[in-house]
Amino acid sequence: MPDRSTAELMGRFYRGLKAGLTKDRALQQAQVDLIGGAAAADGGDDSPSQPFSWAAFQLLGDWR
């Protein structure tokens, strides 16, 4: 379910920002976490680990 994947990605992204990561690093880390993390455990097509539902997210403007 794309909504679940988006919520998972954005939650991880904002936690990274709060922890002091730069925007680009926070997004990268959130994506890497989803691909290989606990979210991949169920492995189904609607799993947040499947990049097709969140891979299009990108940073525009001042990404630092």
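Author: The expected span of a helix is 1.5 Å times one less than its number of residues. The model discussed here is predicted.

Reader: How many helices and how many strands are there in the chain?
Author: The chain has 64 residues, and 23% of them count as buried. As for its secondary structure, the chain contains two helices and zero strands.

Reader: How far apart are the end C-alpha atoms of α2?
Author: Helix α2 covers residues 23-36. At 1.5 Å a residue, its 14 residues should span 20 Å. The computed distance agrees with this expectation, because the end C-alpha atoms of α2 are apart by 20 Å.

Reader: Over what arc around the axis do the buried residues of α2 lie?
Author: The buried residues of α2 are Ala26, Leu27, Ala30, Gln31 and Leu34. They lie on the same side of the helix, since the arc that they cover around the axis is only 130°. The arc asked for is 130°.

Reader: Is Gln31 buried or exposed?
Author: Gln31 is found in helix α2. Setting aside residues up to four places away in sequence, Gln31 touches Leu9, Trp54 and Phe57. Its relative accessible area is 18%, and the cut-off for burial is under 20%. Gln31 is therefore buried.

Reader: Which residues does Ala26 touch, not counting those up to four places away in sequence?
Author: With residues up to four places away in sequence left out, it touches Phe13, Gly16, Leu17 and Leu21.

Reader: How are the rings of Phe13 and Tyr14 arranged: stacked, tilted or edge-to-face?
Author: A search of the whole structure finds one aromatic pair. The ring centres of Phe13 and Tyr14 are 5.0 Å apart, and their planes stand at 70°. Planes over 60 degrees apart meet the cut-off for this class, so the pair is edge-to-face.

Reader: How far apart in space are Ser5 and Gln50, C-alpha to C-alpha?
Author: Ser5 is found in helix α1 and counts as buried because its relative accessibility is 1%. In sequence, Ser5 and Gln50 are 45 residues apart. In space, C-alpha to C-alpha, their separation is 8.2 Å.

Reader: What is the distance in space between Lys23 and Leu59, C-alpha to C-alpha?
Author: Lys23 lies in α2 and is partly exposed, with a relative accessible area of 32%. Lys23 and Leu59 are 36 residues apart in sequence. From C-alpha to C-alpha, the distance between them is 7.8 Å.

Reader: What share of the accessible surface belongs to carbon and sulfur atoms?
Author: The accessible surface of the chain comes to about 4,200 Å². Of this area, the share belonging to carbon and sulfur atoms is 56%.

How values were computed. Residues numbered from 1 in each chain as written. Predicted model: local features only at pLDDT ≥ 70, side-chain atom pairs only at ≥ 80, totals over all residues. Heavy atoms only, no water. Helix = DSSP H or I, 4+ residues; strand = E, 2+ residues; numbered from the N terminus. Buried < 20%, exposed > 50% of the residue type's maximum accessible area, 1.4 Å probe, protein only. Arc of directions from axis to C-beta. Contact = heavy atoms within 4.5 Å. Phe/Tyr/Trp six-rings, centres within 6.5 Å; stacked < 30°, edge-to-face > 60°. Areas by Shrake-Rupley, 256 points an atom, 1.4 Å probe, with all protein chains shown as cover.
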